[in-house]
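Here are some friendly notes to read beside the model. Please keep the structure open as you go through the points.

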Amino acid sequence: MEYLHLYANCRLVKGASMSLLCDLQMRRFYHIPNDTADVLLFLQQHSIEECIAHYGEDNRKTITGYIDFVLSKEMGFTDHQLLPELIPLDLSWDRYSAITNVIIEYQEAINYDGPFFRELFDLHVQGLEIRCYRRTELGKIRELLELFNGTTLKFIKLVLPYAEALTLPVLDQLVKQYPRVKSLLLHSAPTDQSAKIFEGSVPVAFFSHPINSCLACGEIRSDYFISNMELFTESQHYNTCLNRKLSIDQQGYIRNCPSMREDFGQVTTTSLQQVLDNKGFHRYGKIRKDEIAVCKDCEFRHVCTDCRAYVEDPQDMYSRPLKCGYDPYTNNWEDWTKHPLKHAAIAAYGLEEIIN
């Protein structure tokens with residue numbers, strides 16, 4: 001008999017109407033019918049011939065087609081027996097740092113070399129997003145980036161307002177000087193387009209809409225989905241947006257995210273340890289997608305980064321993201337701003353200005 005074995009890094013996620021087959025090593029995913037997922041799950045414990053006998057000879061071509069698809073995408077292999085010694089994927093997740101990623105809403109009046117920031121970046125933070133809503137001299141951005149040269153940061157994303165002076169050669173030179181910058185987004189640009197600099201390794205996205213505040217944050221889109229081991233395993237235990245995230249807004253207030261209403265002090269008067277000792281700071285980071293209304297039925301739940309700042313029911317922390325237009329029961333995407341049931345929440349958050 002012949003058996004199909006999925007590689008351990010290839011995981012099936014079933015939704016209400018469709019499933020996702022995630023290749024976490026190659027960072028790809030495939031949207032497949034639930035019937036296909038059921039066959040692949042059956043094949044994990046039965047031979048191919050047993051599977052055909054179970055579903056009927058008239059489904060032989062369909063079943064072998066599913067198997068050929070898996071083999072063609074290099075997500076599995078066949079063998080003449082079940083292999084119980086194959087080690088399943090370890091879905092545990094942990095990091096040695098209490099804070100792994102940070103968002104800074106840049107404001108020139110704030111001293112980013114102060115005690116709070118030095119203490120924060122001594123924690124081995126991995127990722128930093130710097131948001132500039134208003135036109136800022138490139139020299140100021142360089143001064144800010146200089147502060148992170150001696151840190152353990154692996155990834156810096158810059159969100160900047162578009163300016164004619166920010167040409168691709170200028171941005172390329174910036175990245176060469178500060179190689180921790182791995183991504184750039186230029187908002188308020190003349191058109192939507194994308195490019196790559198630094199020998200094609202750093203993406204630059206030009207976004208035509210203005211980003212004037214944190215109100216623009218939290219939109220769920222398919223091109224934001226990420227299929228990799230880190231996000232997938234984190235999603236099993238924590239919230240993939242707010243787990244171990246810390247943000248500093250334009251006034252220097254410390255929040256889980258700039259869009260969250262609750263703050264945990266101000267950088268000039270609060271120590272980092274005071275923030276970390278506050279149980280409220282960790283509350284949202286523990287909300288898994290499997291616990292969120294509608295999201296728990298969505299096949300994309302473990303490749304999605306979620307949003308707890310803007311939800312459909314502002315009184316319910318387990319409500320689905322407001323800015324998501326996907327319906328996992330019909331598998332259709334809609335414009336979330338047009339949905340009549342979202343209008344009350346849109347008004348409650350004061351989002352009219354960014355959707356009109």
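In which sense do β1 and strand β5 pair, and over how many bridges? They pair in the antiparallel sense, over four bridges. Before the points, some ground rules: this is a predicted model, in which local features need pLDDT of at least 70, side-chain atom pairs count only at pLDDT 80 or more, and totals for chains, interfaces and linings use all residues. Residues are numbered from 1 along each chain as its sequence is written, and side-chain values use heavy atoms, with hydrogens and water left out.

1. **The β1 and β5 pair.** Strand β1 covers residues 3-6 and strand β5 covers residues 76-79. Helices (H or I, at least four residues) and strands (E, at least two) are DSSP runs, numbered from the N terminus, and two strands pair if DSSP finds at least two bridges between them. Tyr 3 has Asp 79 of β5 as its bridge partner. From β1, Tyr 3 and His 5 point one way while Leu 4 and Leu 6 point the other way, and all are buried. Here buried means under 20% relative accessible area, exposed means over 50%, and partly exposed is in between (1.4 Å probe, protein chains only). As background, side chains in a regular strand alternate between the two faces of the sheet.

2. **The three-stranded sheet.** An open antiparallel sheet runs in the order β2-β3-β4. Its edge strands, β2 (10-14) and β4 (28-33), each pair on one side only. From one strand to the next the twist averages 20°. Five bridges join β2 and strand β3 (residues 18-23) in the antiparallel sense, and Lys 14 has Ser 19 of β3 as its bridge partner. Helix α1 (residues 34-43) packs on this sheet and touches β2, β3 and β4, with its direction at about 105° to that of β4. Axes are lines fitted to C-alpha atoms, for helices over the stretch in contact, and angles run from 0 to 180 degrees between N-to-C directions.

3. **The eight-stranded sheet.** Follow the order β10-β11-β9-β8-β7-β6-β12-β13 to trace an open sheet of eight strands with mixed pairing. The edge strands β10 (193-197) and β13 (254-255) each pair on one side only. At the β13 end, β12 (residues 245-248) and β13 pair in the antiparallel sense over two bridges, and Ile 248 has Ile 254 as its bridge partner. Helix α5 (residues 138-146) packs on the sheet, touching β7 (127-131), β8 (155-161) and β9 (181-187), and its direction makes about 160° with that of β8. Helix α6 (residues 168-177) lies across β8, β9, β10 and β11 (202-206), running at about 45° to β10.

4. Is Val 102 buried or exposed? Val 102 counts as buried, at 1% relative accessibility, and lies in strand β6 (residues 101-105). Leaving aside neighbours within four places in sequence, Val 102 is in contact (heavy atoms within 4.5 Å) with residues including Leu 120, Phe 121, Leu 246 and Ile 248. Gly 127 is 25 residues from Val 102 in sequence, and the two are 6.3 Å apart in space, C-alpha to C-alpha.

5. **Salt bridges.** The whole structure holds 18 salt bridges, each a side-chain nitrogen of Lys or Arg within 4 Å of a carboxyl oxygen of Asp or Glu. One of them joins Arg 221 and Asp 223 (3.2 Å, N to O); Arg 221 is partly exposed at 30%, whereas Asp 223 is exposed at 52%. Another joins Arg 288 and Asp 290 (3.4 Å, N to O), and a network of salt bridges links Arg 288, Asp 290, Glu 291 and Arg 301.

6. **Lys 289 and its partner.** Lys 289 and Asp 306 meet in a salt bridge (3.2 Å, N to O). Both residues lie in the loop between α8 (272-277) and β14 (326-327), so the pair ties together parts that are 17 residues apart in sequence. Lys 289 and Asp 306 are both buried.

7. **The cavity.** How many cavities of 30 Å³ or more does a search of the whole structure find? The search finds one. A cavity is a set of points, on a 1 Å grid over the protein atoms alone, where a 1.4 Å probe fits but cannot get out; lining residues have an atom within 4 Å of a point. The largest cavity has a volume of about 120 Å³, where grid points are joined across faces, edges and corners and the volume is the space filled by probe spheres set on the points. Its lining has 15 residues, with Lys 289, Cys 295, Cys 298, Cys 304 and Cys 324 nearest its centre.

Terms used: 1 Å grid on protein atoms, 1.4 Å probe; cavity = no way out; pocket = protein on both sides within 12 Å on 5 of 7 lines; lining within 4 Å.
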